[in-house]
Amino acid sequence: MASVTLKEVSKSFGAFDVLQSIDLTIEDGEFIVFVGPSGCGKSTLLRAIAGLVPVSKGDVFIGGEQVTDVPASKRGIAFVFQSYALYPHMNVARNISFALETARMAKAEIRQRLTRVADMLKIGHLLDRRPKQLSGGQRQRVAIGRALVSQPQLFLFDEPLSNLDADLRMEMRFEIAKLHAEIGTTMIYVTHDQTEAMTLADRIVILNHGRIEQVGTPRELYDRPANRFVAGFLGSPRMNFAPVHTDTSSGLLHGPSGFVFATSGTGSSQPVTLGLRPEALEIVEAGTAQSISGTFERAEDLGYEHIAYVRLSDDLVWTIRSTEPLSGHARGQAVGLGWQIKDLYLFNEAGIRVDVEAARGPVVAVQS
Amino acid sequence: MRNRETRTAWLFLLPLLVALAAVAVWPLVRNVYFSFTNAFLDNPSEYSFVGLQNFITVMEDPVFWGAVTNTMIFTLISVSFETVLGFGIALLLHRAFAGRGLVRAAILVPWAMPMVVSAKIWEWMLNDQFGLINKALIWLGFLDKGIAWTADSSLILGTVIFIDIWVTTPFMVLLILAGLQLIPEEIYEAAEVSGVPAWKRLWSITLPLAAPAIGVAVLFRTLDALRMFDLSYVIAANNEKAMTMSIYARDQLIGFQDLGVGSAASTWVFLIVGLIAILIVSLLRLDRSTA
Ligand SMILES: Nc1ncnc2c1ncn2[C@@H]1O[C@H](COP(=O)(O)OP(=O)(O)OP(=O)(O)O)[C@@H](O)[C@H]1O
Ligand SMILES: [Mg+2]
């Protein structure tokens, strides 16, 4: 088990800066998830921690020791790849025990560890098979088994579940969570999948363009996103945004039609964008006081939840999410969107979230 | 449905089969046919059957066995060296480095040249009086006077092997490199991360996974080497120390105009090459899918 510290880690491929001065501290035993859009450098960061790519600048510490120049094979880590990367010419048992064999571990010890890992992952009946003879889920279990058996001080996962179908994903997600609870080893997990991030992580690291946007617990990131990027990234469907502007004479914040809000923000904390999550909105009668007005577009019934789309202007459609059916409206019908101050997010010119508390003022209902 | 597909497949194969029959099967059948006769090349329409006499003549000729031995030695040594060198160079080229594309193209040059041209170039370079190699060796102090690499009977087979290695190693490199590039990078990374040292990765991952490609390359090269003609013919002419099976057959057929014995010798060559091919294929299990 080990903590991980990154100090101003940068990585460039030629003139292209993939990672830019990453500072991060991961506690011993933590489950950390890296999320971010495709190409933001998640894999590169993980591989830099593993030692599979050299960093251009900065230092990597594992377990308090500086390992920046230590080769991957000496870092005491295990890596689980998206493609599983099983050895195609070895059977499952050998795939799992290969590294132990090369480390000249005693046969009995190898067998014992193999059995334990196989039991833990329920792959005991597959030990004689080649990777080709396994299903995707089974392959992933073997890959995890191969990582587990060397008893590393740090687990790295690069999108381990993204080649699996939805059911299997859920099952394996559960298994990985269980695994972490059982062995308590530090894990770093890269994913595209918000659900994986929200459910697995002790803390989430959100990356964008090679920079860390925010680090925090899933709840913190969801409730108090540091900026517009984080706010828009977490949540499905994503947060609704709309431009706002401050009327300098009245000091009132004007947004989409029907939205008026008193602000005390000034200068750089002047909000220019507002955000409301789909589940914070409620479809009400058109013209209801303090509601944002729009026209109903369409509704989707997903069984366990309902999604509706309401057009606010020619180029702005908002999403509403509810556990109640939302289909009682005709296409093109004028509706109102009710919202509450506690759910409102405001962002300034730089995209930084402005505290609504600070900007709070009496809401003035203005009929449009 | 199945039947129709099969029929269509045969239909598509038909032109190929006809062409093969015309240029391969028919000459082969004629060759075997003539090997049972006493025909001569100047008048091949007049002959009578002599049974296995020609085969016995060839088998009892020590020159033929000399040619067989030469061919075997040549094949074994040159293919071994070419495989090892080819694998080594392919490993180097597999690593990304600046100018790799250029090196990859340049390395093909020896192979792209016609064998006769390469042989002539080397013959000149190895010349005992004017040759570059001897000059260089003398200048470096390894030799007092030039060695007649291509005239000295004890050196000539070695010289032929050396030139063949120079010419055909690039071919091996390319075939093996193609095989190496099929191995996913992540497999190595997985091994590296779990602490498997580099030599072990080479031995237990690269080698077994590249084995099918190496096997095919070895098969190609072996069959090619077993019927080698041009290189020895240019360098050694009729020197028995470097005579190959193909040269022996050619000498009987063209040199002595003996169509019967020449055909019998060709048939022997065909049988020997065929036998070795079957042996390699079954040894490498190339016919089975590597599932
Ligand atoms: N070896 C390389 N040479 C040049 N550029 C690279 C190399 N590896 C990655 N990149 C670039 O670095 C950026 C980050 O890549 P990385 O694989 O870390 O993204 P990612 O966040 O893992 O994306 P994804 O979610 O699609 O896997 C990408 O723009 C990619 O094109
Ligand atoms: Mg990636």
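About 60 Å³ of space lies in the largest cavity of this predicted model, and the structure holds one cavity of 30 Å³ or more. The tour begins there and then passes to the contact of the chains.

**First stop: the cavity.** Colouring by class gives seven nonpolar, two polar and one charged residues in the lining.

**Second stop: the interface.** Next, select the contact between the chains, to which chain A brings 20 residues and chain B brings 18 residues. The two chains bury about 1,700 Å² between them, with 66% of it on carbon and sulfur atoms. Within chain B, pick out Glu186(B), Glu189(B) and Val193(B), which lose the most area to chain A and together account for 33% of what that side buries.

Select Arg47(A) and Glu189(B): they form a salt bridge whose closest N and O atoms are 2.6 Å apart. One salt bridge is found across the interface, along with three residue pairs in polar contact.

**Last stop: the chain B side.** Select H9 and helix H10 (198-226) of chain B, each of which supplies at least two residues of the side that touches chain A. H9(B) provides the largest share of that side, seven residues. By class, the residues of this side divide into 10 nonpolar, four polar and four charged.

Notes:
Residues numbered from 1 in each chain as written. Chains lettered and ligands numbered in written order. Predicted model: local features only at pLDDT ≥ 70, side-chain atom pairs only at ≥ 80, totals over all residues. Heavy atoms only, no water. 1 Å grid on protein atoms, 1.4 Å probe; cavity = no way out; pocket = protein on both sides within 12 Å on 5 of 7 lines; lining within 4 Å. Points joined across faces, edges and corners; volume = space filled by probe spheres on them. Nonpolar A, V, L, I, M, F, W, Y, C, P; charged D, E, K, R; others polar. Contact = heavy atoms within 4.5 Å. Buried area = accessible area lost by both parts, 1.4 Å probe. Salt bridge = Lys/Arg side-chain N within 4 Å of Asp/Glu carboxyl O. Polar contact = N/O pair within 3.5 Å; in protein donor to acceptor, adjacent residues only side chain to side chain. Helix = DSSP H or I, 4+ residues; strand = E, 2+ residues; numbered from the N terminus.
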